[in-house]
Amino acid sequence: MIPPAVPHHETPLPVAGRWPLFGAFALVFLIFAQVSSVLVSPPDRDMGHLQKIMYVHVPAAWTTFLAFFVVLVFSLLVLWKGRETHDLIAASAAEVGAMFNALTLALGMIWGRPTWGVWWTWDARLTSTLVLFLIFVGYLSLRAFIEEPERRARWSAAVGVLGAINVPIVYMSVKWWRTLHQLQSSPSTVDPAYVYGLRVNAFAFLFVLIYLVRRRYEAARLARAAEQLNDVAALGGR
């Protein structure tokens, strides 16, 4: 039996604290990572300077996977313990993950146009990444249409778990099917000249992910508190 979501005032409302400072650090580090990567790495033999879009495209894809892993973990916790905090963290990670998912798709299209000659092709990697994006858009839409908190938490958690299962399919698609997309880019598969850029930007995007999920969670807690106050007011203050 799935436990009910914990009622009102489960945890104190979050306090911003040092998070704005962390956000400033994440932004500065991201700018440093991008600029230094572009300046340090030479143009690719075949793609020239177009290759340098990899320093945004690849870390964005990694960050998408990480965000949806957070959704998976906290969705399972929702189904197990039913706590509102877990539900809001999962939802916050899904929103940020969907944003990075869209960024990954957009950059892939920009990269693909001069490389493959088309903006889009129904390649296994591209198609599975689009499916992942649509799943989490559906997840967020489901949350928007369900008003009752406990039912919203349970239903969206189920979708979050099923959606996250698609992540390994996206990752392995270039090995499981014949595809235009190259094999996964990582420090072990690219030229050593590009390893620095991938590593430093992986950390930069990680910091941005942490900051955005945290701040979105804070906003979700405040919105939930406002809902509770409205419910109390509708009941005549009782």
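Start with the aromatic side chains: the structure holds 13 aromatic pairs, where rings of Phe, Tyr and Trp (its six-membered ring) pair if their centres lie within 6.5 Å. Select F22 and F25 for one of them. Their ring centres are 6.1 Å apart and the planes meet at 50°, so this pair is tilted; planes under 30 degrees apart count as stacked, over 60 as edge-to-face and the rest as tilted.

Before going on, a word on what you have open. This is a predicted model, in which local features need pLDDT of at least 70 and side-chain atom pairs count only at pLDDT 80 or more, while totals for chains, interfaces and linings use all residues. Numbering runs from 1 along each chain as its sequence is written, and side-chain values use heavy atoms, with hydrogens and water left out.

**Along α1**

Now show helix α1 (residues 19-40), where F22 and F25 sit 3 residues apart, about one helical turn. Helices here are DSSP runs (H or I, at least four residues), numbered from the N terminus. An α-helix has 3.6 residues a turn, so residues three or four places apart point the same way.

The cut-offs are under 20% relative accessible area for buried, over 50% for exposed and partly exposed in between (1.4 Å probe, protein chains only).

F25 and F29 make another tilted pair, 5.8 Å centre to centre with 40° between the planes. Both lie in α1, 4 residues apart, again about one turn. F29 is partly exposed at 21% relative accessibility.

Then widen the selection to W19, F22, F25, F29, F32, F203 and F207: ring pairs link these residues into a cluster.

**Along α2**

Move to helix α2 (residues 54-81). Its 28 residues reach 40 Å from first C-alpha to last, close to the 40 Å expected at 1.5 Å a residue; that expected span is 1.5 Å times one less than the number of residues. Pick W80 and K81: K81 lies over the face of W80, 4.7 Å from the ring centre. For a charge to sit over a ring, NZ of Lys or CZ of Arg must be within 6 Å of the ring centre and within 35 degrees of the ring normal. Just after α2, click G82, which takes a positive phi of about 70°.

**One more charge, then zoom out**

Select R151 and W155. The charged end of R151 sits over the W155 ring, 5.3 Å from its centre.

Finally, show the whole chain: there are 7 helices and 0 strands. Of the 238 residues, 42% are buried.

How values were computed
Helices (H or I, at least four residues) and strands (E, at least two) are DSSP runs, numbered from the N terminus.
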